[in-house]
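The following exercises are to be worked through with the sequence and the 3D structure in view. Each task is followed by a solution in steps.

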Amino acid sequence: MTRTLPLEGVLVADFSRVLAGPYATMMLADLGATVVKVERPETGDDTRAWGPPWTDVSSSYFESLNRGKRSVTLDLTREEDRGAAVELANRADVLVENHKPGALKRFGLDYPTLSIDNPGLLYVSISGFGSAEGADLAGYDFVVQAVGGLMSITGDPGGPPAKVGVAVVDVLTGKDAALGIMTALRQRESTGRGQHIEVNLLSSLLSGLVNQAGNFLATGESPERMGNRHPSIAPYETLHCEDTLLAVAVGNDEQFRRLTEILGLVGMADDARFATNADRVRNREALVVELENVLGARPAAAWQQRLRRVGIACGQVNDLAGAVRDAESLGLDPTITPSGGGTPSIRFPVDLPGAARTLPTAPPALGEHNAEVLDWLSRPYSHQLGGPEPETRVPDVPGNGPDIRIS
């Protein structure tokens, strides 16, 4: 018997925009939740304008974060539309927002107000720096990478601090938000109560610094930029081959012995300078010279094939085209095309054996689902926590309606 997706029947009111919130809600949609994305008319989510590149519907940036959702436009300064937003929140299992802390209170969309009529609501607030002293600070991934120490450990030694090549803090925060939602849904099964979940970019980044943060807490010394090298493992870096760089990661002494054998470096694993990982870290410069003297004789692709054959983790430095090709060659099915066609996107990365694998709908046009969502919200509805979902809860027929505004 084919199982349904695990979050089918869960309704998510998505009042978030840009990256962290939409990424979290897209993961919920991939797992079967019904996500209603509330946007401003005419402009919608800021990322709709973040191009080029463009698709037939919007920007590729927007589409990378919003598949599987319904878009409705509402103006919270208009009483009728504010009422529709509140009704949506009162029917929702989860509400996700990333406005300035407290900004939605004047519209009756804060957690204390909504929890009166919807006590089972999981209300998720995403901010840059939390709801205390940092509540008034604008939070963008780039700024948090700087403030949170990530830039200080990214880049070449002696060079300027550098950001990571993607908004990794937003991604981490979106995953933390989704994890918090899953945990709270499980807790609600036993308590029947919702709760206010708060996540912020700075805390998610500090958590994501793992061993680097641990090194600082253990020693009191801030780590420095090391380029592609690892502070505690060697060799664990990019090494020059005949034509290009090869990333090589050796995690223990046995792997290092195998590496030296395949490179023909007889006796190197017993050399006092390199016998243990700690020795290799202390003598990294000499180690790299020895390894690159041999690696420089062959192309990186040839070494990759030989080293992988003996269980050494290594890989050429791909561009994104090469990364997708490699994932495809390994049978990972990295991309997915929405039902009905559209621009491919990177699929949800968790495989759930036994759950139905369904194609998501394409990212919505702005206000594409106004008619169906507003019609549904205008009809009587009785929400029973944990009970069967009414058939009218999520309309099936798409439509288009007049623009309404959110601010």
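**Exercise 1. Determine in which element glutamate 63 lies and which residues surround it.**

Solution. Step 1: glutamate 63 belongs to helix α2; helices (DSSP runs of H or I, at least four residues) and strands (runs of E, at least two) are numbered from the N terminus. The model is a predicted one, in which local features need pLDDT of at least 70 and side-chain atom pairs count only at pLDDT 80 or more, while totals for chains, interfaces and linings use all residues. Residues are numbered from 1 along each chain as its sequence is written, and side-chain values use heavy atoms, with hydrogens and water left out.

Step 2: the relative accessible area of glutamate 63 is 8%, so the residue is buried. Buried means under 20% relative accessible area, exposed over 50%, and partly exposed in between (1.4 Å probe, protein chains only).

Step 3: leaving aside residues up to four places away in sequence, glutamate 63 touches Thr55, Val57, Ser58, Thr343 and Pro363; contact means heavy atoms within 4.5 Å.

Step 4: the side chains of glutamate 63 and threonine 55 form a polar contact of 2.7 Å. Such a contact is a pair of N or O atoms within 3.5 Å; within protein, one must be able to donate a hydrogen and the other to accept it, and residues adjacent in sequence count only if both atoms are side-chain atoms.

**Exercise 2. State how the rings of tryptophan 50 and tyrosine 61 are arranged.**

Solution. Step 1: the whole structure holds 2 aromatic pairs. Rings of Phe, Tyr and Trp (its six-membered ring) pair if their centres lie within 6.5 Å; planes under 30 degrees apart count as stacked, over 60 as edge-to-face and the rest as tilted.

Step 2: the ring centres of tryptophan 50 and tyrosine 61 are 5.1 Å apart and the planes stand at 85°, so this pair is edge-to-face.

Step 3: the partners are 11 residues apart, tryptophan 50 in the loop between β2 (34-39) and α2 (60-63) and tyrosine 61 in helix α2. Tryptophan 50 is partly exposed at 36% relative accessible area, and tyrosine 61 is partly exposed at 28%.

**Exercise 3. Decide whether aspartate 45 is buried or exposed, and find its polar partner.**

Solution. Step 1: aspartate 45 is placed in the loop between β2 and α2. Step 2: its relative accessibility is 3%, so aspartate 45 counts as buried. Step 3: its side chain makes a polar contact of 2.9 Å with the side chain of lysine 37. Step 4: beyond four places in sequence, the residues that aspartate 45 touches include Ser16, Arg17 and Phe62.

**Exercise 4. Describe which residues of helix α11 are buried and what covers them.**

Solution. Step 1: helix α11 covers residues 284-295. Step 2: Arg284, Leu287, Val288, Leu291, Val294 and Leu295 are buried in α11. They cover an arc of only 130° around the axis, which puts them on the same side of α11; the arc is that of the directions from the helix axis to the C-beta atoms.

Step 3: the face turned away from the buried side of α11 carries the exposed residues Glu285 and Asn293. Step 4: the cover over the buried residues of α11 includes β7 (236-240), α9 (253-263), α10 (277-282) and α12 (300-309).

Step 5: arginine 284, at 6% relative accessible area, is buried. Its side chain reaches the backbone oxygen of histidine 230 at 2.5 Å and that of isoleucine 233 at 3.3 Å.

Definitions and conventions: Expected span 1.5 Å × (residues − 1).
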